[in-house]
Amino acid sequence: MSSPGTGWEKGSVVAKRERISLGWLVIAAFLLLFLLVPLFLHDPYPLHIFVLVFHFAFLGTAWSLVSMAGQLSLGHAALMGIGGYTSTLLFMEWGVSPWIGMWAGAIACAIIGVVIGYPAFRLRGPYFALTSIAFAEILRIYVENTEVGPFGIPLRAAMGLLVPLRGQAPALFQFDSKEPYYYIALVMMCIAVGLSYLINRSRIGFYLTAIRSDQDAAEALGINSTKYKLIAMAISCALTALGGTFYAQYFRYINPERAMGLGMSIEIALVGVVGGWQTVLGPMIGSILLTPTGELVRAYLGGTYAGLHLLLYGLLLMGVILFLPNGLNDPLVRAFRRLEARVWGRAGGAGGVAPPARPQEKQPQQGERG
Amino acid sequence: MTLELLASAFITGLMLGGLYASVSIGLSLIFGIIRVINFAHGAFLMVSLYASFWLWYFFKLDPYLSIVIIVPLFFLFGYAVQHLLIRPMFVREKALVVEPIGVLLLMAGFDIVLSNLALLFFKSDYRAVISPVASTAVSLGFVDLNLPRLIMFFLSFFIAGALYWLLNYTEMGIAIRSVGQNRDAAALCGVNVYRIYDFTFGIGTAAVALAGAAMVPFYYVNPAMGTSLGVKSFIVVVLGGLGSIPGALIGGLLLGVVESVTAQFVPATSAVIFSFLLFIIVLLTRPKGIMGVLEV
């Protein structure tokens, strides 16, 4: 397949026909495999790791929508926290099911995303990245130190919120076993990746590609760059808020340090960057690689060597930036296309087989003024 | 709310602001010249605090004296980081300016590595230096000031002044400024731009390490302390104007005063909301910052 949405095969009829062939088959096979995993695997711990893989793939994909506009968000944990807190508080205070409450969080986060994005997106340079960090850190500090927020909202400070247990209650997003969470996480990941794929192929996706390649040229063609960045931001934030509700319901506990902290923001971004930010499948690839590694290191070595998994993450991030600036997505796609060509017996064919060179994106050299 | 209380909050805010400014000036210099955000700035600060702490712990070296060792050491450290980590990115892109997000992420990775190395080796214990200076107070009549914080306040002006002198009155400084103004023209005039980048990064790192050593007498040392001050320094440099050294000084003092004065009206923890509001207002009304030099 050719990774839907790496962007370079758009509009090519040949590429389209190829995409329907092998790529979709592989995706269908993986999906079937994931659907069947809980039937054979009953041990909760491996299932838990699968849930985390899907969850971070979901968050990373949501995050990557902002980076498709060429912007780096390092504050997405805040949106996750707001989503989780909104649905949990609605449930605790008024008994609103998190299935409904999650949408309240999503709408709130879409609005917050636009409010935060508007001042920063008009500027070039690292302003958005810095604004997103500042927003998330300040929200975290505020919640960590506020027992009762405005309008008497019981934020419970650093204690965090415990989701009241209701046993097996599907209508309230609570289950006794891991399997339902597994399937919910899987569906959420599929929806996010699918949405990202559709956006990439839509008019908005083309606009975003144009904006991140050369904002001046895009604007000269009449694209309102701030508007499309804000649309991407709103969708990304709303999805992240939904992820926050899942997080709260799955762990049945949410606290500002973990769910709003810079560490979580960086983990979300890491999954996207390592896999290939600005690509559709990248965050999923990143999560499949990183989440189990981090989780296993944390589980087996975290006791004696606190912080070791983060140390590995940091080294990996540096390695990827230095040696694979577009993430793991590109080499994997290239390898896959070579394989695809061989499967279809067209190996050795000239230009038709090798993947067309990805057009070099002219990076917006933002800081340059002289 | 008496006037006296407000005045003492203002003075305390200036002391706090001096700390923010001292920490931020190096970050602003690096952005101004190399056009990259050193995301590991907070981690550099944390490492410099540890360096000063261990010098005191093992050699009983007073933190203020340790500056003599720490500043050259961190100059070399910053020089090496730019030379070995960031420079390859410029070389790869064959450009004098790289897409800033790549370097930001690289340094974010370095930040994670440094913070967690510190966590691995030093554990998350809070450590403090026992120094006779730490508990000395200076009375201004209506407010008593902690001497190390007062020193910090003056140090912010000293760092800004020293950099001003360096940039304006030395040959190296003039070369650095020329690169900041127009790197292509500077290269044409025979300035080795990459080498200037190395030096600038070293100077910026030495500046933050100087602030770090002077913080040790009144600040707890632990691996997580770099993050919060790192984020504060990002806010400060945007407030003051990315790349402007007087901007970082004024932005730091302003942030300190705003935090301290609003804390008189609302709980101190809610006061951080106001510093963020200030940040957003500046972005909306004057995006290049108070002393901004950068076109946006």
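**Figure 1. Pro44(A), an exposed residue.** Pro44(A) counts as exposed because it has 12 C-beta neighbours inside 10 Å. Pro44(A) sits in helix α2 (residues 44-67) of chain A. Helices (H or I, at least four residues) and strands (E, at least two) are DSSP runs, numbered from the N terminus. Pro44(A) and Pro180(A) are 136 residues apart along the chain, and their C-alpha atoms are separated by 12 Å.

This is a predicted model: local features need pLDDT of at least 70, side-chain atom pairs count only at pLDDT 80 or more, and totals for chains, interfaces and linings use all residues. Residues are numbered from 1 along each chain as its sequence is written, while chains are lettered from A and ligands numbered from 1 in the order in which they are written.

Figure 2. Phe173(A) has a phi near 65°, a positive value in a residue other than glycine. Its place is the loop between β1 (161-162) and α6 (178-201) of chain A. Is Phe173(A) buried or exposed? Phe173(A) is buried, because 24 C-beta neighbours lie inside 10 Å. In chain B, the phi of Lys123(B) is near 60°, again positive in a residue other than glycine. Lys123(B) belongs to the loop between α4 (100-122) and β1 (137-139) of chain B. Lys123(B) has 12 other C-beta atoms within 10 Å, so this residue is exposed.

**Figure 3. Helix α9 of chain A.** Helix α9 (residues 225-251) of chain A has 27 residues. From first C-alpha to last, α9(A) reaches 38 Å, close to the 39 Å expected at 1.5 Å a residue. The expected span is 1.5 Å times one less than the number of residues in the helix. How many of the 27 residues of α9(A) are buried? The count is 23, so α9(A) is largely enclosed by the rest of the structure. Arg252(A) follows α9(A), and its phi is positive, near 60°.

**Figure 4. The buried residues of helix α6 of chain B.** Helix α6 (residues 171-181) of chain B has Ala175(B), Ile176(B), Val179(B) and Gly180(B) as buried residues. They cover an arc of only 140° around the axis, so they lie on the same side of α6(B). The arc is that of the directions from the helix axis to the C-beta atoms. An α-helix has 3.6 residues a turn, so residues three or four places apart point the same way. What do the buried residues of α6(B) pack against? Their partners are α1 (3-34), α5 (147-169), α7 (183-188) and α8 (193-215) of chain B.

**Figure 5. The contact between chain A and chain B.** Chain A brings 44 residues to the contact and chain B brings 42 residues. Two residues are in contact if their C-beta atoms, placed from the backbone, lie within 7 Å. On the side of chain A that touches chain B, the elements giving two or more residues are α4 (98-121), α5 (127-144), α11 (262-276) and α13 (308-323) of chain A. Which element gives the most to this side? That is α5(A), with 11 residues. By class, this side of chain A has 29 nonpolar, 11 polar and 4 charged residues. Ala, Val, Leu, Ile, Met, Phe, Trp, Tyr, Cys and Pro count as nonpolar, Asp, Glu, Lys and Arg as charged, and the others, Gly among them, as polar.

**Figure 6. Confidence along chain A.** The mean pLDDT of chain A is 82, and 87% of its residues reach 70 or more. pLDDT is the predictor's confidence in each residue, from 0 to 100. Among the elements of chain A, helix α1 (residues 13-40) has the lowest mean pLDDT (73), and α9(A) has the highest (93). Residues 1-16 of chain A stay under 50, and the model has 34 contacts beyond four places in sequence for them. Residues 347-370 of chain A also have pLDDT below 50.

**Figure 7. The fold of chain B.** Chain B has 11 helices and 2 strands. Along the sequence, the pattern is α-α-α-α-β-β-α-α-α-α-α-α-α. Buried residues make up 55% of the 296 residues in chain B.

Conventions:
A residue is buried if 20 or more other C-beta atoms lie within 10 Å of its own, exposed if 12 or fewer, and partly exposed in between; C-beta atoms are placed from the backbone.
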